[in-house]
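Subject: Handing over a structure, with notes

Dear colleague,

I am passing on the structure below, together with notes on what was found in it. Please read them with the model open beside you.

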Amino acid sequence: ASGEAAAVASRIPGNRFVAEGKWDEAQKAYEPLRARDPQNPWIRYRLAYLDFSRGRPDAALPVFIALSAAGKTVAENIRAQSLLHVGRIHDLAGRRADARKAYQQVVDDFPKLAAASTAKVGLITPYHRPVMSTATNSR
């Protein structure tokens with residue numbers, strides 16, 4: 001694979017580990033990608049998502065904010081998902097007004113993306129982390 005296909009393929013192992021709750025393995029899978037291209041929006045998003053997933057929203061928030069505000073230099077879906085996570089982090093911290101503002105911006109700025117549907121739910125009810133089995137999580 002070359003070009004974009006190779007870039008997408010290179011992220012698959014880390015993405016799989018995140019989905020499985022294997023945080024340390026995901027971090028190890030993403031590090032070589034970050035070393036090769038530290039400003040890559042996809043890598044930055046995946047690492048922020050990893051921080052969010054492993055319970056470190058304060059580490060993820062500045063990255064999500066930067067990606068959501070990056071303009072057309074970053075793909076729409078990354079900007080939308082980042083902004084959605086800004087709302088979720090605000091909800092987790094008890095900042096409901098800030099969360100609702102972020103969710104509304106997702107709905108307004110990205111109405112055709114899946115993140116807008118999720119953000120509409122966030123406008124109605126605060127985000128709570130899903131309950132995961134801790135048996136598979138590595139810390």
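Buried positions in helix 2 are Trp23, Ala26, Gln27, Tyr30 and Leu33, where buried means under 20% relative accessible area, exposed over 50%, and partly exposed in between, with a 1.4 Å probe and protein chains only.

Before going further, please keep in mind that this is a predicted model, in which local features need pLDDT of at least 70 and side-chain atom pairs count only at pLDDT 80 or more, while totals for chains, interfaces and linings use all residues. Residues are numbered from 1 along each chain as its sequence is written, and side-chain values use heavy atoms, with hydrogens and water left out.

As for the overall build, the protein chain has seven helices and zero strands. The C-alpha trace spans about 40 × 40 × 20 Å along its principal axes. For 139 residues, a compact globule would have a radius of gyration near 14 Å, and the protein chain, with 15 Å, agrees with this; the radius is taken over C-alpha atoms, and the globule rule is 2.2 Å times the number of residues to the power 0.38. Of the 139 residues in the protein chain, 40% are buried. Among contacts (heavy atoms within 4.5 Å) with a separation of 6 or more, 50% are between residues 24 or more positions apart.

Next comes the interior. In soluble globular proteins, nonpolar side chains tend to be buried together. A nonpolar core here is a set of buried Ala, Val, Leu, Ile, Met, Phe, Trp, Tyr and Cys residues joined through side-chain atoms within 4.5 Å. The largest such core has 24 residues, and Phe64 and Tyr103 have the most contacts inside it. At least two residues of this core come from each of helix 3 (41-53), helix 4 (57-68), helix 5 (76-92), helix 6 (96-109) and helix 7 (114-124), and helix 5 gives the most, with six residues. A second, separate core has nine residues, including Trp23, Ile43, Leu47 and Leu50. Leaving aside residues up to four places away in sequence, Tyr103 touches Leu84, Gly87, Arg88, Asp91, Arg96, Ala119, Gly122, Leu123 and Tyr127.

Of its 17 residues, 13 are buried, so helix 5 is largely enclosed by the rest of the structure. At 1.5 Å a residue, the 17 residues should span 24 Å, which agrees with the 24 Å between its end C-alpha atoms. Not counting residues up to four places away in sequence, Leu83 touches Ser68, Ala102, Gln105, Val106 and Phe110. After helix 5 comes Gly94, whose phi is positive, near 80°.

Some single residues complete these notes. Asn40 sits in the loop between helix 2 and helix 3 and is buried, with a relative accessible area of 18%; a polar atom of the Asn40 side chain lies 2.8 Å from the backbone nitrogen of Trp42. Ser53, in helix 3, is buried at 16% relative accessibility and touches Val18, Trp23 and Arg129, again not counting residues up to four places away in sequence. In helix 1 (residues 3-19), Arg16 is partly exposed at 41% relative accessibility, and its C-alpha atom is separated by 7.7 Å from that of Ala26, 10 residues apart along the chain. Ala19, also in helix 1, is exposed at 68% relative accessibility.

With best wishes

Methods. Helix = DSSP H or I, 4+ residues; strand = E, 2+ residues; numbered from the N terminus. Polar contact = N/O pair within 3.5 Å; in protein donor to acceptor, adjacent residues only side chain to side chain. Expected span 1.5 Å × (residues − 1).
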